[in-house]
Amino acid sequence: MNYSPDEASAVMVDVVFSLEEGTFADDHAEALARAVRRALPWFDEEAEAGILPLSGLAHGNNGVCFVGRRSRLVLRMPIHRSASANFLAGTRLDLDGAVLTVGAGSVRPLLPARGVVYSHLVSVGADDEIEFLARCKSLLAGRSLQPQLITGKAHELRTAQGPVRGFSLMLHGLAAAESLAMQEVGLGGHRALGCGLFIPHKSVVAVGN
């Protein structure tokens, strides 16, 4: 299905950056968040701004990630901040001693999904899957949303304040406008660590890693 431009979000976009080849730790979410915050001091002023998990990485057996030609850094942010985000292009982000070199950036609109959206990790302060689902349903009900929820694997991120735990999550049965709203607002906390950020998913299948 194709969507016309006027159906795109009027408030949020993704800014997508290419990356130069390099290596860094597999558990890099907090280091990446710190580096982006240093480069974009306004980042924490925007409650819905977030950093999607880096895509296109190869993972070694020794806790190291490898950046390839298809790897991308994606920042989700208000449209009015998208121009200033381009200051990241050409910068070298320090990820606890490893260098991530950022290439050119481009703006990608947020578009309605075909009723299915997916997040790699949603964190709502619950380690137990049943409690996790209950809290997610309560948060969604507060927005008058009642999608079907499918959880995937449990995930944990290490941070200086302690572990951030949650599950991958798929939501389906959403109207087009609702799927767009989920991408704009997200669910749960820790956006800068890549948590609670939703992307369109092609179909209702088993939630991946």
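# Reading a predicted fold

The protein has 4 helices and 11 strands. The model is predicted.

Me: How much of the chain is buried?
Reply: A residue is buried when its relative accessible area is under 20%. Of the 209 residues, 47% count as buried. The protein exposes about 10500 Å². Carbon and sulfur atoms supply 51% of that area.

Me: Which contacts join residues at least 24 apart in sequence, as a percentage of those at least 6 apart?
Reply: Sort contacts by separation along the chain. Here 75% of the contacts between residues at least 6 apart join residues at least 24 apart.

Me: Now the inside. Which residues touch the most other members of the largest nonpolar core?
Reply: The largest nonpolar core has 36 residues. F24, L32, L73, L75, L93 and L100 touch the most other members. Two or more core residues come from each of β1 (12–19), α1 (29–39), β5 (64–78), β6 (92–95) and β7 (98–109). The largest share, 6 residues, comes from α1.

Me: What does L93 touch?
Reply: Leave out residues up to four places away in sequence. L93 then touches L32, A35, V36, A39, L73, L88, A98, V99, L100 and V102. There is also a second, separate core of 17 residues, which includes A126, F132, F167 and L169.

Me: Which residues of α1 are buried, and what do they pack against?
Reply: List the buried residues, then their partners. In α1 the buried residues are A29, E30, A31, L32, A33, A35 and V36. They pack against β3 (50–51), β5, β6, β7 and β9 (148–157).

Me: And which residues of α4 are buried?
Reply: Helix α4 covers residues 176–185. S179, L180, M182, Q183 and E184 are its buried residues. They pack against β1, β5, β8 (116–122), α3 (129–141), β10 (164–172) and β11 (199–200). G186 follows α4 and has a positive phi, near 75 degrees.

Me: Take one residue. Is V67 buried or exposed?
Reply: Compare its relative accessible area with the cut-off. V67 has 6%, so it is buried. V67 sits in strand β5. Beyond four places in sequence, V67 touches L19, E20, E21, G22, F24, L57 and L100.

Me: How far is V67 from K202?
Reply: Check both chain and space. V67 and K202 are 135 residues apart along the chain. Their C-alpha atoms are separated by 25 Å.

Me: Where is D96, and what is its phi?
Reply: Look at residue type along with the angle. D96 is not a glycine, yet its phi is positive, about 55 degrees. D96 lies in the loop between β6 and β7. Its relative accessibility is 62%, so D96 counts as exposed.

Me: What about phi of H190?
Reply: H190 is also a residue other than glycine, with a positive phi near 65 degrees. It is found in the loop between α4 and β11. With a relative accessible area of 41%, H190 is partly exposed.

Me: Last, charge. How many positive and negative side chains are there?
Reply: Count both sets, then find their centres. The protein has 19 positive and 21 negative side chains. The centres of the two sets lie 4 Å apart.

Methods:
Residues numbered from 1 in each chain as written. Predicted model: local features only at pLDDT ≥ 70, side-chain atom pairs only at ≥ 80, totals over all residues. Heavy atoms only, no water. Core = buried A, V, L, I, M, F, W, Y, C linked by side-chain atoms within 4.5 Å. Buried < 20%, exposed > 50% of the residue type's maximum accessible area, 1.4 Å probe, protein only. Contact = heavy atoms within 4.5 Å. Areas by Shrake-Rupley, 256 points an atom, 1.4 Å probe, with all protein chains shown as cover. Lys, Arg positive; Asp, Glu negative; His and termini not counted. Charge placed at Lys NZ, Arg CZ, Asp CG, Glu CD.
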